[in-house]
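I opened a new structure today and kept notes as I went. Here is what I looked at.

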Amino acid sequence: MENDAPSAASTTPPRSWVRVLAGYHESRRARGVLEILITVIPFVLLWGLMWAALDAGYWAGLLLAVPAAGFLVRLFVIQHDCGHGSFFSSKRSNDWVGRVLGVVTFTAYDFWRRTHAIHHASAGNLDRPSIGDIETLTVREYRALPRSKRVRYRLYRHPLVLFGLGPAYLFLLRNRLPVDMMRSGRMPWLSTMGTNAAILLVSAALMWQLGFWPVLIVELSTTILAAAIGVWLFYVQHQFEDTYWDRGEHWRFHEAALHGSSHYDLPHVLRWFTANIGVHHVHHLCSRIPSYRLPEVLRDHPELREVGRLTLWQSLRCVRLVLWDEDERRLVSFREARALAASRARAAHPRAEPGLAVG
């Protein structure tokens, strides 16, 4: 993360930016339709090419899964915009486009929209339940756990689980049953079961026409890869060293939005495939701005470019950050947590052996 002299954006109260950026809320129907067409058509063509390429061997089809997954990620971001009511001006258009795309992305739109709204309302609040977020403990919380739960947390935060097994489990299994929202009425179940039924019908029709195994291979390889990319994006958008987290009485929504979300400054081609979702600090501050207008915000207000900015290379270092240190007010690795605990122990008891290391 770049920490040069404070920019104008970092010294401007975050709440003030809400008024400045209100003019970018207006969606553009023609632009929205175009964004869908230039994403859906290549995705369908690539999906068909993957199916045809399986005759030449599984690996030939798997290579095409990479760009296909990129377009699937883009479709998910469009669905995400619909969930915020920002992609089109019409709520009806947003909701039905979102529901249809939810069948393609294996995500129950109405259920996801509710949990994602909770994420936006409480991101960075250490006293709120973690719904739709990556589980992150404070150093004190981790130290208070019994050894078995520390091992569980370490496994959960391991990159192979977080970006490999985890995304596959989330999109293929967990999203099929809204067990986390048992007390939220019928809506989560209706949304999820309706999406599940549509996925089964579409998949069955494709398998009947094209064959069971070819369709299964194409669907799974594309979905799992796109899920891993999506979880990585979500991770980097909030899990960086100088992010913003605080306790309930001190937590402030606008500060958490602007400074608790990164500006993931990706190369242009990746920025296109991720539909500008890397401009996440602006998105959290003003979620009604359509994704296709986020570059316009940075162009008109360049001072926002450096707020929470992460390059692709810098983002790789975020993988080691696993615990929130409330004293340092930053995310730290297990190794850093041990070193900081030992340093504080020495400062508190200069003649005693440090015994507060984080296991």
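**Ground rules.** I am reading a predicted model, where local features need pLDDT of at least 70, side-chain atom pairs count only at pLDDT 80 or more, and totals for chains, interfaces and linings use all residues. Residues are numbered from 1 along each chain as its sequence is written, and side-chain values use heavy atoms, with hydrogens and water left out.

**Confidence.** I checked pLDDT, the predictor's confidence in each residue, from 0 to 100. The chain averages 90, and 92% of the residues score at least 70. Residues 1–6 fall below 50. Beyond near neighbours in sequence, that stretch has eleven contacts in the model. Contact means heavy atoms within 4.5 Å.

Helices here are DSSP runs of H or I with at least four residues, strands are runs of E with at least two, and both are numbered from the N terminus. Two packed helices are described by the angle between their axes and the distance between the axes. Axes are lines fitted to C-alpha atoms, for helices over the stretch in contact, and angles run from 0 to 180 degrees between N-to-C directions. I looked up H4 (residues 58–83) and H11 (residues 212–238): they pack at about 45°, with axes 8 Å apart. That makes H4 oblique to H11. For the wording, under 35 degrees is roughly parallel, over 145 roughly antiparallel, 65 to 115 roughly perpendicular, and the rest oblique. The crossing of H4 and H11 is right-handed. A crossing gets that name if the near helix is turned clockwise from the far one by less than a right angle, and is left-handed if anticlockwise. On the H4 side I noted contact residues including Tyr58, Leu62 and Leu72. On the H11 side they include Ile217, Ser221 and Leu233. By class, this contact has 13 nonpolar, three polar and no charged residues. Ala, Val, Leu, Ile, Met, Phe, Trp, Tyr, Cys and Pro count as nonpolar, Asp, Glu, Lys and Arg as charged, and the others, Gly among them, as polar.

**H4 against H5.** How are H4 and H5 (residues 91–105) packed? I found an angle of about 150° and axes 8 Å apart. H4 and H5 are therefore roughly antiparallel. Their crossing is left-handed. Among the residues that meet are Leu72, Phe76 and Gln79 in H4, and Asn94, Gly98 and Leu101 in H5. The contact of H4 with H5 has eight nonpolar, five polar and no charged residues.

**Positive phi.** Most residues other than glycine have a negative phi. I noted Ala275, with a positive phi near 50°. Ala275 sits in the loop between H13 (268–273) and H14 (280–285). Is Ala275 buried or exposed? Its 5% relative accessibility counts as buried. Buried means under 20% relative accessible area, exposed over 50%, partly exposed in between (1.4 Å probe, protein chains only). Arg329 also has a positive phi, near 60°. Arg329 lies in the loop between strand S4 (323–325) and strand S5 (330–332), and at 38% it is partly exposed.

**Two more residues.** Gln237 belongs to H11 and is buried at 3%. Beyond neighbours within four places in sequence, Gln237 touches Gly260, Ser261, Ser262, Ile277 and His280. Arg154 is in H8 (residues 147–156) and is partly exposed at 31%. Arg154 and Phe334 are 180 residues apart in sequence, yet 9.2 Å apart in space, C-alpha to C-alpha.
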